[in-house]
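Biologist: Hello! I am new to this structure and would like to learn how to read it. Could you walk me through some features?

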Amino acid sequence: MTAIEQAVPFIMPKRVDAQNFVTEYLDEEIIKNYIRDVRRERGIHISRMAVVITAYYLAALKHPYINRFIMNSRVYERNHFCVSFVMLKNRADGTPDETTIKVYMEPTDNIFTINERINALIEKNSQPVHQNSTDRFAAFMFSMPLLPHLVMGLARLLDRAGLLPRFIINLSPFHTSMFITNLASINTTHIYHHVYEFGTTSVFLSMGKSIPNYLTGDLRKKLLPLSVVMDERICTGHDYAMFNKTFRQLLTNPVELEREEAGEETVVQEA
């Protein structure tokens, strides 16, 4: 890492100072055809979000600087990779609710193991009576007046000092390599979502509903808009361009997401 890269977090000490915004337009037809082929040939249903997450993760393995985060104007590299997202669920009385899920990746993962892990966690957290660790902690925090201010104030202080307990980091969706939201699932367009000041989120992806392919003029085909908000301090513009090149190549040829090196064992993390 160069001296300039180390100096940038001191020039822009907060993530709100350092947010860059860009929209990538992915070929929806390629992704849709790949998902259809896998379903026909293997009997496996793969979600669009699993395709995007896997491509991002495999690109990050090749370009690990994208997995950095900034804390107290210092640049850190994670020793793991995880992805957070919010999912909708129904309460016991049928009213809609939300919960957050954090999925941990393994070096041997491919599209099938990641898709299976995501589906397992979604199924587990879809149960009306199920509360994951994040839900239980949030319920405790709001159980008494003033407690949220005290808990979050202490958490922010400990986070800045590097003393936040591991169990809180594990359940916090804000301590993650990447946060993603699939707004297409609620028939909404993509948005530019901020990266949180609390925690270590350096990249936020937003998937929107498909749009006509205005880039080529063939309006019968669709594009998948993907908004990216990124903490620019984690790497240089050239570094990001190289990562993005790999990311797009994987999404242009999704069969590469099936890499043969992937192991057969799937590990489901507690959420």
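This is a predicted model: local features need pLDDT of at least 70, side-chain atom pairs count only at pLDDT 80 or more; totals for chains, interfaces and linings use all residues.

Biologist: Is Gln6 buried, partly exposed or exposed, and why?

Modeller: The general idea is that buried means under 20% relative accessible area and exposed means over 50%, with partly exposed in between. Gln6 has 44% relative accessibility, so this residue counts as partly exposed.

Biologist: Which residues does Gln6 touch, leaving out those up to four places away in sequence?

Modeller: Gln6 touches Met1 and Ser73.

Biologist: Now to backbone angles. What is the phi of Asn72?

Modeller: Asn72 has a positive phi, about 55 degrees, and it is not a glycine. Asn72 sits in the loop that runs between strand S2 (68-71) and strand S3 (74-77). Its relative accessible area is 44%, so Asn72 is partly exposed.

Biologist: And where does Asn187 lie?

Modeller: Asn187 lies in the loop between strand S6 (178-182) and strand S7 (203-207). Asn187 is not a glycine either, and its phi is positive, at about 60 degrees.

Biologist: Is Asn187 buried or exposed?

Modeller: Try the cut-off yourself: exposed means over 50%. Asn187 has a relative accessible area of 56%, so it is exposed.

Definitions and conventions. Residues are numbered from 1 along each chain as its sequence is written. Side-chain values use heavy atoms; hydrogens and water are left out. Buried means under 20% relative accessible area, exposed over 50%, partly exposed in between (1.4 Å probe, protein chains only). Contact means heavy atoms within 4.5 Å. Helices (H or I, at least four residues) and strands (E, at least two) are DSSP runs, numbered from the N terminus.
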